Amino acid sequence: MVVGAGPAGLLCAHVLAAYADKVTVVERDRLPQTPVSRPGVPHDRHPHVLLEAGLDALESLLPGTVRELRSVGTPWLGLPTDLLQWQNGGWSSRLPATTGIHTGSRAQLEWLIRRRVLTHASVSVVEGEVTGLLGDKGRINGVTLRRSGVRGASRMHDVSHIEADLVIDTSGRTSKAPGWLRAIGVEPAGEDVVDTGLAYASRLYRSPQGRGPGSAPGCYLIPGPGQPTGALVLPQECGGYVVALSGVRGHEPPVDHTAFLAFARQLPHPLVHEWLSTAEPSSPVFGFRHTANARRRYENSQVPAGFLAVGDALCTFNPVYGQGVAAAALAAVALRDTLRGAEGRLDHQRIRRALARVYEQPWAISAGADKQMPGAVGNAAAPNAAERFLGLYLRRIQRRAAHDPQIGRVFRSVLALTKPLYSLLAPPMLLAALRPEPALLAEPPSAPRQP
Ligand SMILES: Cc1cc2nc3c(=O)[nH]c(=O)nc-3n(C[C@H](O)[C@H](O)[C@H](O)COP(=O)(O)OP(=O)(O)OC[C@H]3O[C@@H](n4cnc5c(N)ncnc54)[C@H](O)[C@@H]3O)c2cc1C
């Protein structure tokens with residue numbers, strides 16, 4: 001069984017359906033029949049990009065996903081061509097695209113996945129909130145749950161349990177699994193945390209001109225060590241735009257309309273504020289805090305058989321790097337391949353190690369960059385000497401990647417999780433880091449630069 005019907009839970013259920021007679025997904029929300037936001041995932045109001053590796057993983061798990069995304073009008077932005085990017089005090093060149101992102105709403109993406117996964121005859125959804133684990137130090141064999149409903153005039157809470165050979169915690173970044181494990185006498189896994197205190201405030205807009213800032217499809221003012229605030233404008237499947245303002249601790253964006261615009265005026269470049277002044281809001285402003293990078297080291301712990309964690313319940317990232325859904329899909333692929341390699345036998349430790357490997361690169365990108373941010377806190381926030389040196393090196397690469405097609409291609413592939421991190425240390429990259437810094441573009445480039 002899986003706890004939670006987000007992308008990680010659904011994709012794990014899909015993988016398990018190949019091996020189990022019965023797969024139960026327990027979800028605290030009543031799942032909607034249409035692609036709309038739901039209360040259990042307040043982050044679905046905020047922009048969600050799907051990185052190339054995530055799309056490949058989804059396509060490998062659920063062939064035809066790309067076609068379906070296109071058929072419902074999910075926008076695809078070629079990078080860097082279609083996304084104006086401002087970082088380190090200047091704009092990046094709009095070089096020919098070497099990768100891309102889907103920018104449709106999270107609700108749409110989840111709904112497409114859900115529709116496909118729930119066609120399995122063996123997969124069923126139980127509405128209820130998991131409250132604990134059944135089992136002991138040797139083995140987990142189910143969950144306790146609370147089901148709510150209205151009977152007559154009163155609201156009822158039934159407490160019941162479900163037995164299972166395997167419980168996968170996919171209950172997201174607020175997972176209570178460490179407490180559930182402690183309650184049955186199991187020492188939970190160690191946790192690494194790096195937290196910049198970044199907060200989001202997001203709102204939907206319509207553009208009378210039908211174009212994003214600077215007439216580009218999308219725009220991203222990227223926060224960084226010298227820039228505590230940021231903004232992201234992305235097209236949605238409905239023809240509108242989702243706009244997220246962000247700021248690290250002490251620079252959090254507000255959630256009321258007037259202050260939202262005032263915050264946008266303070267951004268390091270006026271482009272987004274100018275565009276917002278002509279665009280029409282079509283939703284309230286939604287806030288989100290608690291964006292820490294946090295990973296639970298189940299692969300190094302004495303967690304009993306019968307328990308795994310996948311998705312944000314295992315490892316969650318600062319959302320500015322756009323990695324969470326891609327990592328969840330890659331983790332489901334790792335689960336599938338490990339089960340396949342063992343002919344369906346559950347080798348928990350092997351699976352936990354395979355899952356930990358999936359999260360290694362996105363963690364290095366997200367937590368690694370956040371360690372360089374002033375004011376980052378958490379037990380893993382202090383960079384060691386090697387990480388400080390790597391941070392300096394990567395900043396040099398990043399500045400060159402903004403204007404150099406070859407360096408940019410490798411850099412973007414690593415961020416898209418389609419190339420390993422060590423590609424950044426290949427000789428051409430090392431040589432590029434030694435070259436003088438390219439001149440900054442003070443104004444957004446209006447048209448893609450041809451090679
Ligand atoms: C502001 C913001 C922006 C983001 N932007 C991006 C982005 O651009 N690209 C990207 O890839 N990722 C992004 N992410 C991350 C992405 O949303 C997560 O990585 C992704 O949702 C993880 O999926 P999940 O299935 O692990 O968890 P979730 O999507 O959180 O799903 C967990 C599910 O478990 C259910 N649940 C929780 N507790 C219980 C319980 N006790 N019993 C039963 N059900 C329970 C919840 O209702 C929910 O349905 C962003 C996150 C945030 C916060």
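Okay, a definition before anything else: two strands pair if DSSP finds at least two bridges between them. Keep that in your heads, and keep in mind that this is a predicted model.

How many bridges hold β12 and β19 together? There are 4, in the antiparallel sense, with β19 covering residues 293–296. If you want to click on one of the contacts, go to E191: its bridge partner in β19 is R296.

The order is β7-β2-β1-β11-β20, and here the pairing is parallel. Its edge strands are β7, at 123–127, and β20, at 307–309, each pairing on one side only. Going in from β7, you meet β2, residues 23–27, running parallel to β7 and joined by 5 bridges. One spot to look at is E27, which stands opposite E127 in β7.

Next up is β4, residues 83–87. Is this strand enclosed or open to solvent? Well, 5 of its 5 residues are buried, so β4 is largely enclosed by the rest of the structure. You can check that face by face: L83, Q85 and Q87 are on one side, L84 and W86 are on the other, and all of them are buried. So what does β4 pair with? One partner is β14, residues 218–221, in the parallel sense over 4 bridges. There, L84 has C219 as its bridge partner. The β4 and β5 hairpin has 2 residues between the strands, and N88 takes a positive phi near 55 degrees.

Let's go over to the helices. F260 lies in α6, residues 257–265. Why do we call F260 buried? Its relative accessible area is 0%, and the cut-off for buried is under 20%, so F260 qualifies. F260 and L245 are 15 residues apart in sequence, and their C-alphas are 8.0 Å apart.

Compare that with D56, in α2, residues 52–61. At 44% relative accessibility, D56 counts as partly exposed, because that class runs between 20% and 50%. D56 and R94 are 38 residues apart along the chain and 24 Å apart in space, C-alpha to C-alpha.

Last topic, the surface. Which residues make the patch of positive charge? That would be R345, R350, R353 and R357, gathered on the surface. R350 belongs to helix α9, residues 348–371, and has a relative accessible area of 34%, which makes R350 partly exposed.

There's a nonpolar patch as well, about 410 Å², made by L390, Y422, L425 and L430. L390 sits in α10, residues 385–401, and is partly exposed at 38% relative accessibility.

Notes
Residues numbered from 1 in each chain as written. Predicted model: local features only at pLDDT ≥ 70, side-chain atom pairs only at ≥ 80, totals over all residues. Heavy atoms only, no water. Patch = residues over 30% accessible without salt bridge, like charges linked within 9 Å, V, L, I, M, F, W, Y side chains within 5 Å. Areas by Shrake-Rupley, 256 points an atom, 1.4 Å probe, with all protein chains shown as cover. Salt bridge = Lys/Arg side-chain N within 4 Å of Asp/Glu carboxyl O. Lys, Arg positive; Asp, Glu negative; His and termini not counted. Charge placed at Lys NZ, Arg CZ, Asp CG, Glu CD. Buried < 20%, exposed > 50% of the residue type's maximum accessible area, 1.4 Å probe, protein only.
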